[in-house]
Structures are given as C-alpha cells and as structure tokens.
Amino acid sequence: RCYVLSNDNGKIQLSLRQSRLNPKNSSKVEDVEITCIKDVKKGQLVRGYVKSVTPSGVFFGLSTSLLGRILFQNVSTYFVQKHSLYEKYLPEGKLLTAKVLGVNKKENHIELSLLPEDTGMPSVLPESLGLPLYGAEEEKREDDKEKREELKLKTKQRRGNSETKQVWMQGNSSRKKKIKLHWRSAKIRNQSFWEAKPKKRKVCPTDENDSGIEVYYREEEDGDQEEEADKKKSKIRRQGKAPRLQVSTGFTWDDDVNAVDMPVLNQKEESSDSEEEEENPQSKLKKQTKKEKELEKQKKEKELCKLEAALMDPSRQPQSADDFDRLVLGSPNSSILWLQYMAFHLQATEIEKARAVAERALKTICFREEQEKLNVWVALLNLENMYGTEDTLMKVFERAVQYNEPLKVFQHLCDIYANSEKYKQAEELYHTMLRRFRQEKSVWLKYASFLLKQGQTEATHRLLERALKALPTKEHVDVISRFAQLEFRFGDTEHAKALFESTLNSYPKRTDIWSIYMDIMIKHGSQKEVRDIFERVIHLNLAPKKMKFFFKRYLDYEKKYGTAETVLAVKTAALEYVEAKSSLADT
C-alpha cells in the first residue's frame, strides 16, 4: 500500500510515509516532511539520501524537489585526495543524517554538514583507511608556505644588495667623468695652476664593498699616463707641421684632439670595468635560480608520481577529456569507451564535441569490427534524435545505411522513434521497411509487436494476412506461432489460443509448436487447460523418444501442481503406452 504523490508524463511518484497512509494516526512523525526551502532552518538535523558525488561536493536529497550541498571539508574530518573514495563510501541512495549550516532562500541553496561533531553520528569514512586529518594537512601547507616565503625574502635581499652595488658603481663612474672633464678644461685654461698645485690623493681603507674607489684611482693613473703619451704625440706633430686650413669660426686642431679623443678612451675603459662588476651579481642570481629550479623540479616530480599512481589505478573512472583520449588510444576498437566519451560531453551539454567524438570513432574503429561501428552509428542516431533536427537525423541515417546492413539500421531507427514516443515517424518507417524488405520475417514480427504495444489488435490481424501472402510457405507455421506468442504478451489471449489450435490441427506432429503452446499455457492458462493439452499430446501417434519427452513433462507438472492421484494417473498412462508398444513389437 502506498500514496500517489504525482503522475506526470507517465512517471508516478509514490510515498510510503505512515503520516500519508494513515492520516488519522496521531503518532509522532520521526522525519518531518520538507516540501520547500522555508521548512529548512539553520542548525536543524535532517535526514536524506545521497544523490550524487561531484567535484564541487556531495549533493544530498531532502525531498523530491529540494537538494542540499555538502562540501568535502564538511563530509569528514579526514583529508581525501581521490574523490572516488567518497563514491565508494557514499553510494547513491544512502540514507544519512546531516546538519543545516546555512540557508540561502534567494538562490535556493542549502549548505549541510556530515561531521560527527555536528550530527552526533559516526564518521562517514572509517579510521581504518589511515587518512590524515584536515588540521594536519593545513599545518603542512602552512609550513611549506613559510619556507617558500623565507626563500623569496633571501633571494630578494641578495638581488637588492647586487642592485645597490650596481647603482653605486654607476654613480661613481658618472662622478669620475665629471671630474676628469673638469680637469681637462682647467688644464687647457691654465696649465701652470695644476703644475704648481698637484692634487693630493685621499687614501681610504680598502673594503670588500668599496671596490669602486680603487677603480677610480686606477683610472686616474691610467688617464695621466695617456695624457703624457698624447703630449708626446702633439710635440712630434708640431715639429713637422703642415699649413693649416683656414676656418672663419676659429676652429683649432689641438682643442679637437684633447676634447674628443681622451673622453672616448675613458668611456671604453669605464664600460669594460662596469661590465666586469656587473658579471658578479648576475652569476650570483644564476646560482639562486638554479636552487629554485631544483625545488620546482622536485615539486613537479611529486605531482607526476601522484598522477602516475592515479592513472595506474584500474578502478579510477575517467574524469576529463584527456583521460578518455588516453583510454581510447589504448583500445581504439572498443565502442563502449567511445560511447562513454560521447556521454561525458553530453552531460556538459557539449553537443558539437560529442558529434566530433562519434565521427572520430567511426574513422578510428577498424572496418572489420562491424558491430562496434554499428553501435557508434546507433549512438549518433540517438544523439541527433534528441538534440538535432529532422534533417540532421536523416543525413546521419542515410550515411549509416550506406556503411552498414540497411535492415539493421532501419530496425534501430524504428526502436529509437518508439522509445522517444515518435509513433508517427516510426509507423511511416515501418511501411517503408515492408516495401523494401518484404521477404524478411523479422520486419513483419517487429511491426506486429509495435502495433500490439499501441493496442491496434485489428491492424495486427490484417498484418498477419499480409505477411502470409508475402512470405514463402515454409515460413508460415513459424510466423503464425510467433504472432500468437505476441498476442499472448500484448494482445488478445483468446485469439492467440485460436491461432495455436488451428496450427496444431493442421500440423499435429510439430512437437516444437506443442512445446511452445504448453509453456505459454502453463504461464497464462488454467490447470484444466494445461492438462487437456497434455492428454491430447500423449494420445498422439509420435515417435517413442518424443512421447517419452512429453510423458516426463506431464509427470513433472503434476508433481509440482497436482496431487498424488494425478501423479499416479500419469504413471499408469505411461505404463499403458509402453505395454501397447511392446505388444505391437511382439506381433
């Protein structure tokens, strides 16, 4: 006894609640019925069923129309990396108690918890699995973060020191240029001033960080030597000088030599020194990046080990397109994998990708695997029937007829139409099949079952007459018996009996028809009718082996459904038959 909640589109929803079956009963209801989100309150303990386990959490059914979500951190106190473990211990339809953590009435969202501290129930995952707790896992992560931050700070400090050195060196080099240029200009104006007052050099304590000062003094010494060499060259030129070009602006060759040649030399020297200084921090940076690279390599190796272990697990279900590609590469002729790949895309409503997978499967599967290819064609027909148009379905159907046995493709499309309740298209296709495959017995039988399921018994009777005219005479007995069996299952039982009786009267020695008739009558008929059939059979003039078979069946039937008297009557009838046969043999 049950209570009918609804009946929509042929789907009936039932309830076994005692409060509905016995509304007058005043006993306390253990689980209060939840019809809408207003019935759920924060902190409430509710019972429900597991609907599904997805990457975003566990979905929990509180009623036929209301779902709640449980985050993985609220499912158990243990940290789980493989979601397949949740699917093992939280199968679909499992009854559990949960606590309401939050209710969002605007978005119709309910957050739940299965933790023992919230529900007071034992943990969903047993301790025997040896899983780490969430707190321990978070502490490990925090330690790893702290180590990373320390490494980053050290690298930043090293880089900062090297950058400050470079900036300091660049500042010193610019000062050197200014001092040297100023010294050149002063020399041109008044050479005696510098000769009378030679520059006193400052002596500073040498430090590891003050290498730029040493370079400064070296460069000044080099500059003094170069200037002395230039003086000698200018004296040689003045001894044998040629007539000069007269320029109106008062341009002099001596100024040009002193002003242009010397700074260029100094710039080259300074650039070479600065390059040497820059090489040292760069080499230090390279050493630091190598350490970081080693750490990254170790992390990548760990991740690869985890991936390899997951891929080696035979019970692991594919969860992405890459997983399916890997499986398909391993067994390209398996239509089941290709169909699962298509279903994966259809769940995400990626219809074009599902079509592409089907086309790829048809190109990949070996041409010798005809049944595997046919399975993919049928899946593609189903896809176009559900998500495509009539034109796309017909195009796929025409292609399938070209590449497969046409009769099988026609029959599969008829089944697709019937299952999707497109009865008009199915009937039109059956008419086409009857014209194209008149000599095929299976076409007539399939159409007869379709008509009987629709309740068209008269049309089925007319179809039998057409089938007997179209098919050869050797197929008539088998066709009539098959039509009679379909009548017993979906149509008129009296008409089915009449068909069997007429067939057995015309062909009394067809023991296969007698056996079929007995089996059907044992299921659908009365005991009197079954005994009448057995009595008719055992009095036929058949071969001894066949008679022995029917006597044995008769005896088994009486032992199961009859009494001791009926069993004795069957045994006496068998003895009489044996004696009659032996007397005939003696004569």
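Quick housekeeping. What you see is a predicted model, where local features need pLDDT of at least 70, side-chain atom pairs count only at pLDDT 80 or more, and totals for chains, interfaces and linings use all residues. Residues are numbered from 1 along each chain as its sequence is written, and side-chain values use heavy atoms, with hydrogens and water left out.

Okay, salt bridges. By that I mean a side-chain nitrogen of Lys or Arg within 4 Å of a carboxyl oxygen of Asp or Glu. How many salt bridges does the structure hold? There are 16. Take E111 and R69, whose side chains meet at 2.8 Å, N to O. E111 sits in strand β7 (residues 109-113) and R69 in strand β5 (residues 67-70), so this pair ties together parts 42 residues apart in sequence. Strands here are DSSP E runs of at least two residues, helices are H or I runs of at least four, and both are numbered from the N terminus.

How covered are those two? E111 is partly exposed at 23% relative accessibility, and R69 is partly exposed at 29%. For the cut-offs, buried is under 20% relative accessible area, exposed is over 50%, and partly exposed is in between, using a 1.4 Å probe and protein chains only.

Next, R360 and D325, with a salt bridge at 3.0 Å, N to O. R360 is in helix α10 (residues 351-364) and D325 in helix α8 (residues 321-330), so parts 35 residues apart in sequence get tied together. R360 comes out partly exposed at 32%, and D325 is partly exposed too, at 21%.

Then there's K353 with E350, where the closest N and O atoms are 3.7 Å apart. And E352, R355 and E384 are linked in a network of salt bridges.

Now the surface patches. These use residues with over 30% relative accessible area and no salt bridge, joining like charges within 9 Å and nonpolar side chains (Val, Leu, Ile, Met, Phe, Trp, Tyr) within 5 Å. The areas are Shrake-Rupley values with a 1.4 Å probe, and for residues only the protein chains shown count as cover.

Which residues gather in the positive patch? They are K145, K147, R148, K152, K156, K299, K302 and K306. Helices α4 (134-189) and α7 (253-312) are the elements giving two or more residues each, and α4 has the largest share, with five. K156 belongs to α4 and is exposed at 58%. On counting: Lys and Arg are positive, Asp and Glu negative, with His and chain ends not counted; a charge is placed at NZ of Lys, CZ of Arg, CG of Asp or CD of Glu.

The nonpolar patch is V4, I12 and L14, with about 280 Å² of accessible area together. L14 is in strand β2 (residues 11-15).

Last bit: aromatics. Rings of Phe, Tyr and Trp (its six-membered ring) pair if their centres lie within 6.5 Å; planes under 30 degrees apart are stacked, over 60 edge-to-face, and the rest tilted. The structure holds 17 aromatic pairs. Y423 and F450 have ring centres 6.4 Å apart and planes at 45°, so that pair is tilted. F450 is buried at 5%, while Y423 is partly exposed at 34%. F500 and Y517, with centres 4.9 Å apart and planes at 15°, are stacked, and both are buried. Finally, ring pairs link Y423, Y430, Y447 and F450 into a cluster.
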